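Below is a short exchange about one protein chain. Each reply works towards the value or name that was asked for.

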Amino acid sequence: MNSITDSLISWLQTFNVSAPHKTVDQLSDGVALAQVLHKIDPDFFDSSWLSKVKTDVGSNWRLKFSNLKKILKAIIDYYNEVLFQQITEFRFPDVGAIAERGSRDEMGRLLQLILGCAVNCSRKQEYIQVIMGLEEAVQHVVMKAIQELITKVDLNEQLKKALDELHATAQAKEQIAQRCHELDMQVTMLQDEKVSLMQENEKLMEKLNHVENLEDPSTPAGRRYQQSQQRIDTLQAEVFKLETAKDELRIKVEFQEKEILNLQEKNEELHKTLNEAQTLKDELDVLRHTSDKVEHYEAAIETYKKKEKKTKHVG
């Protein structure tokens, strides 16, 4: 079972820092811890503060102790000034034991406080997602470490909310894992079905290879095939004849349609000529009638003239 120190060191390795940070001994000089805090909140743990942590302490436990004291004080100030949280019942780590003897338990407590900084800072969602990506056993221990902070530190609702989010994310992760498992089973079933279908297909292909050759007229199937082919050829020939006759009829129809159009045009011209002739005939009848009236009037005038002459002669 992973200890809290081992699990928190695994979590710490998710930070991309230059100082070695894989073992308690590597962390005991405080350099990697300071770089991680600078990553968590570069505004509070700024470059000026980071420069005060000596990087070339070697095995000098007093210099290590000096670095670790600066780090612990800065962490306490961060809880008070930024997170507005009071560290009350939580026992502070003995940084002297870390510097002098490389105490794993005390290093675990110091890492636990750094963890609290990460899951309460402005980028807490990012760090929570990182925790959810850890190995399940490590993730479980890290979440227990957060739970201990809640019970032993006078925390506000932020950390409690962060833990709730961790639990909710863990449940979602389990559901996704279950769904992935179900999908894996479905994929396996489909693959088995695919193999079965491929085997069945091979059997069908073998049967097909043993079927009589349809092009061989010496076999019954071949004779039936030849007869069917002949019948198809005959039908195709008949269809060709019908298509040819249809094309000829289409040409005749087109020719007749043109003839009909010509006759219609001639008919229209004849109607036009007849209408003109009728008009001329009507005009001629009018002229004849007028001519008859003129002759009648001329005869009457001549008669009047004769009567007038006789009257003058008698007088």
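Me: Is Ser28 buried or exposed?
Reply: A residue counts as buried under 20% relative accessible area. Ser28 has a relative accessible area of 1%, so Ser28 is buried.

Me: Which residues is Ser28 in contact with, leaving aside its neighbours within four places in sequence, and which backbone oxygen lies 2.7 Å from a polar atom of its side chain?
Reply: With those neighbours set aside, the contacts of Ser28 are Lys64, Leu68, Ile98 and Met107. A polar atom of the Ser28 side chain lies 2.7 Å from a backbone oxygen, that of Asp25.

Me: How is the aromatic pair of Trp11 and Phe15 arranged, edge-to-face or stacked?
Reply: The count of aromatic pairs comes to 6. For Trp11 and Phe15, the centres are 5.3 Å apart and the angle between the planes is 90°. Planes over 60 degrees apart count as edge-to-face, so the pair of Trp11 and Phe15 is edge-to-face.

Me: Which residues do ring pairs link into a cluster?
Reply: Ring pairs join Phe and Tyr residues with a Trp here. The cluster consists of Phe44, Phe45, Trp49 and Tyr78.

Me: How many residues of α7 are buried?
Reply: Helix α7 covers residues 104–118 and reaches 21 Å from its first C-alpha to its last, close to the 21 Å expected. At its start, a side-chain oxygen of Ser103 comes to within 3.3 Å of the backbone nitrogen of Glu106. The helix α7 is mostly covered, and of its 15 residues the number buried is 13.

Me: Is Phe84 buried or exposed?
Reply: Phe84 lies in the loop between α5 (61–81) and α6 (95–101). Its phi is positive, about 55°, although Phe84 is not a glycine. Exposed means over 50% relative accessible area. At 63% relative accessibility, Phe84 therefore counts as exposed.

Me: Which element of the chain has the lowest mean pLDDT?
Reply: The mean pLDDT of the chain is 83, and 85% of its residues reach 70 or more. Where pLDDT is low, the predicted coordinates should not be read in detail. Among the elements, α3 has the highest mean, 96, while the lowest, 68, belongs to helix α10 (residues 157–210).

Terms used:
Residues numbered from 1 in each chain as written. Predicted model: local features only at pLDDT ≥ 70, side-chain atom pairs only at ≥ 80, totals over all residues. Heavy atoms only, no water. Buried < 20%, exposed > 50% of the residue type's maximum accessible area, 1.4 Å probe, protein only. Polar contact = N/O pair within 3.5 Å; in protein donor to acceptor, adjacent residues only side chain to side chain. Contact = heavy atoms within 4.5 Å. Phe/Tyr/Trp six-rings, centres within 6.5 Å; stacked < 30°, edge-to-face > 60°. pLDDT = per-residue confidence, 0-100. Helix = DSSP H or I, 4+ residues; strand = E, 2+ residues; numbered from the N terminus. Expected span 1.5 Å × (residues − 1).
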